[in-house]
Amino acid sequence: MKTRVLIIEPSEVVVAGMCTLLHEVSRFKVLEPVRDIRDAAQRVIASRPDVVLLNPTLVENLTDVLGDRHLPVVALVYQYVEQLKLRRYDGVVDIRESRGTIAETLIAATTAAANPAQPDGDTPAGYELSARETAVLVLVAKGLTNKEIAEQLHVSPHTVMSHRKNIVHKTGIRSVAGLTVYAMLHNLIDESTLI
Amino acid sequence: MKAIHYDSGRKMSELITAEPGLVLILQRMGLALGFGDKSIEQVCAQHGVSAEFFLLLCDIYTHEGFAPDRERILRTPMGQLVPYLRQSHDYYVLKRLPHIEHHLHHIAEHLSERVSTVLLRFFTLYKREVAEHFAHEEQLVFPHVERLQRGERDNTYRIDSFVEEHGDLEDKLSDLVQIIFKYLPEEATTDDAVDVVYDILQVSNDLNRHSVIEEKVLVPYVKQLEQEVCGR
């Protein structure tokens, strides 16, 4: 079944670009985009999306758009948005990112929402860290900032943020100190790299 | 959520039987056990503690998500608040954390040296963080409150700058639980591992209520005091 994506964004250029890009990824079905935020709540009900791609500058509270629904919402970013605000989203897509990265973020947000953390021991494949996430984890454990990690991996800070969010979700560990222990336990780093 | 859930005319023994977790509060407020059939009001009076304040703490402890409204904060005598918070700090630092550390050392014996080093280092850093956070409150915030309570104007501090760091302290404890639950090699998951997880969950819960008391009682109360005493 295809993942139904609802884009909520006023700019025609951004909407057109995003639609084109997502149309090329066969797993997505792009729903009729919402250009006027006032229509958003209504359209979320009517079009039954699996994931919402929303310009975070349009709303103060996600509940204004979602009501009491639990839907993954990914922030669609092309200007400066406070980090604090972005934390409320299930992922962040920067329009400057590659199609692959954007698709990955959307899929990760949708999968995460469909499989809330399970306390039992079995680890579905979706809980393994991807190669990219492992790379980010190692740099986090070494004490690098998001900006430094972004530079080193040649990605945007938003991408780093979204990887970090996935790492936290998959490992259940939030603090840098805790992630360092995790990295050590999995032989991803050794003592000499610790600061 | 509002409403008082306990009545001070009720027997103390009934309250504690219904909510055994509240013995921690008794201990911190210096209310001795062995209260026979005395009411909550009588036990509190005997030890010079305000029953209203005691019941406020009981409500916070037993009802998750409970926060008192402004009116209740204003009418509750708060003389015991700072001593209570100091007592809870001592409880974490002098009793619970050393206990957890003791178990961790046992667990570490089953781990390779590099892993045990990093695990114990995590906890040492955590303890340091807790100590710094508490020291900040004890040296700066609490004396400010006490001066205001004596009616002295005090411009050395403003409660607006109260930094809430408990969230971070709880996160790290939860990380430790995750690590022990999910990632320790099997040979290290002995009885100690179970004990330590149980201990951490209890401390986390307690720390959570502690931050509710600070954020939802201390901060609004001191704001009001600052206005009354310093006139703004």
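Me: Two residues are in contact if their C-beta atoms, placed from the backbone, lie within 7 Å. How many residues does the contact take from chain A, and how many from chain B?

Reply: This is a predicted model, in which local features need pLDDT of at least 70 and side-chain atom pairs count only at pLDDT 80 or more, while totals for chains, interfaces and linings use all residues. Residues are numbered from 1 along each chain as its sequence is written, and chains are lettered from A and ligands numbered from 1 in the order in which they are written. The contact draws on both chains, with 12 residues from chain A and 13 residues from chain B.

Me: How many residues on the side of chain A that touches chain B are charged?

Reply: The classes here are nonpolar (Ala, Val, Leu, Ile, Met, Phe, Trp, Tyr, Cys and Pro), charged (Asp, Glu, Lys and Arg) and polar (the others, Gly among them). On that side of chain A, six residues are nonpolar and four are polar, and the charged residues number two.

Me: What share of the 195 residues in chain A is buried?

Reply: A residue is buried if 20 or more other C-beta atoms lie within 10 Å of its own, exposed if 12 or fewer, and partly exposed in between, with the C-beta atoms placed from the backbone. For chain B, with 232 residues, the buried share is 25%. For chain A, with 195 residues, the buried share is 36%.

Me: What is the order of the strands in the open sheet of chain A?

Reply: Two strands pair if DSSP finds at least two bridges between them. Within this sheet, β1(A) and β3(A) are parallel partners over four bridges, while β3(A) (residues 51-54) and β4(A) (residues 73-77) are parallel partners over three bridges. The open sheet holds five strands with parallel pairing, in the order β2-β1-β3-β4-β5.

Me: Why is one side of β2 and of β5 of chain A left without a neighbour in the sheet?

Reply: In the order β2-β1-β3-β4-β5 of chain A, one side of β2 (28-30) and one side of β5 (91-94) is without a neighbour, because each of these strands has a single partner strand and stands at the edge of the sheet.  From one strand to the next, the twist averages 30 degrees. The reason asked for is thus the position of β2 and β5 at the edges.

Me: At what angle do the axes of α6 and α7 of chain A cross?

Reply: Axes are lines fitted to C-alpha atoms, for helices over the stretch in contact, and angles run from 0 to 180 degrees between N-to-C directions. In α6(A), A135(A), V136(A), L139(A) and V140(A) meet I149(A), Q152(A) and L153(A) of α7(A), and this contact comprises six nonpolar, one polar and no charged residues. The axes of α6(A) (residues 131-141) and α7(A) (residues 146-153) come within 10 Å, and they cross at roughly 135 degrees.

Me: What is the orientation of α6(A) to α8(A)?

Reply: Angles under 35 degrees count as roughly parallel, over 145 as roughly antiparallel, 65 to 115 as roughly perpendicular and the rest as oblique. The axes of α6(A) and α8(A) (residues 157-171) lie 9 Å apart at an angle of about 95 degrees, and the orientation is therefore roughly perpendicular.

Me: How many of the 10 residues of α9 of chain A are buried?

Reply: The buried residues of α9(A) include L179(A), V181(A), Y182(A) and M184(A). After this helix comes N187(A), with a positive phi near 55 degrees. Helix α9(A) (residues 176-185) is mostly covered, and of its 10 residues the number buried is eight.

Conventions
Helix = DSSP H or I, 4+ residues; strand = E, 2+ residues; numbered from the N terminus.
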